[in-house]
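Here's a quick tour of one model, taken piece by piece. Keep the structure open while you read.

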Amino acid sequence: MIVLTINGKRRNIDLPADTPLLWVLRDTLELTGTKYGCGISICGACTVLVDGEPARACVTPVSAVLDKSIVTIEAIDQDATGRKVQEAWLNLGVPQCGYCQAGQVMAATALLKRTSSPTDADIDTAMSGNICRCGTYPRIRAAIKQAAGLTEDKP
């Protein structure tokens, strides 16, 4: 039996230790906000926070996150920074198709927790592993700045 702490709750999981975290979240716990994208850690759709750092759930075995705090998009509003990011996303209408947005919000939250006033370069670096095929990058950048309190301009 594996015990994981997900969104502040301890969860008992009866799966092999090499099971990707993504499948535990989606299939076992029905936390379907975390998306399957590429399956090889390139697109960022499956980004969750592990001890506050972005992690790709599609390539993270559950054995790697024992005794760590895992946060998914379902609980990001319980974090003050995550809530600001979500509010900015809504204010600026960031999502188009929305598929990548959970991963984008998680990566943006991690960035703002590390760097409260990010530069464009900080944003580009932090978000470079999260791909949006709709091309909402200007709105993502504007939303991150708005969440940081740097600007309220619309893209």
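This is a predicted model: local features need pLDDT of at least 70, side-chain atom pairs count only at pLDDT 80 or more; totals for chains, interfaces and linings use all residues.

How does the length of α5 hold up? Just past the end of α5, G149 takes a positive phi of about 80°.

The largest nonpolar core holds 23 residues, and V85, W89, M127 and I144 have the most contacts inside it. Two or more residues each come from α2 (80-91), α3 (101-114), α4 (120-127) and α5 (137-148). Helix α3 gives the largest share, eight residues. As a rule, nonpolar side chains in soluble globular proteins tend to be buried together.

Take V85 as a way in: leaving out residues up to four places away in sequence, V85 touches V105, A108, T109, L112 and A147. There's also a second, separate core of 19 residues, with I6, L22, L31 and V48 among them.

## T109, tucked into α3

T109 belongs to helix α3. Is T109 buried or exposed? Its relative accessibility is 0%, so T109 counts as buried. Setting aside residues up to four places away in sequence, T109 touches L49, I76, D79, T81, G82 and V85.

## The largest pocket

The largest pocket has about 150 Å³ of space. Which residues line it? The lining is made up of G37, C43, A45, C97, Y99, C100, I131, C132, R133 and C134. Sorted by class, that's eight nonpolar residues, one polar and one charged.

## Two loop residues with positive phi

S41 isn't a glycine, yet it has a positive phi of about 70°. You'll find S41 in the loop between α1 (21-28) and β3 (47-50). At 30% relative accessibility, S41 counts as partly exposed.

D51 isn't a glycine either, and its phi is positive at about 50°. D51 sits in the loop between β3 and β4 (53-56). With a relative accessible area of 47%, D51 is partly exposed.

Conventions
Residues are numbered from 1 along each chain as its sequence is written. Side-chain values use heavy atoms; hydrogens and water are left out. A nonpolar core is a set of buried Ala, Val, Leu, Ile, Met, Phe, Trp, Tyr and Cys residues joined through side-chain atoms within 4.5 Å. Buried means under 20% relative accessible area, exposed over 50%, partly exposed in between (1.4 Å probe, protein chains only). Helices (H or I, at least four residues) and strands (E, at least two) are DSSP runs, numbered from the N terminus. Contact means heavy atoms within 4.5 Å. On a 1 Å grid over the protein atoms alone, a cavity is a set of points where a 1.4 Å probe fits but cannot get out, and a pocket is an open set with protein on both sides within 12 Å along at least five of seven lines; lining residues have an atom within 4 Å of a point. Grid points are joined across faces, edges and corners, and a volume is the space filled by probe spheres set on the points. Ala, Val, Leu, Ile, Met, Phe, Trp, Tyr, Cys and Pro count as nonpolar, Asp, Glu, Lys and Arg as charged, and the others, Gly among them, as polar.
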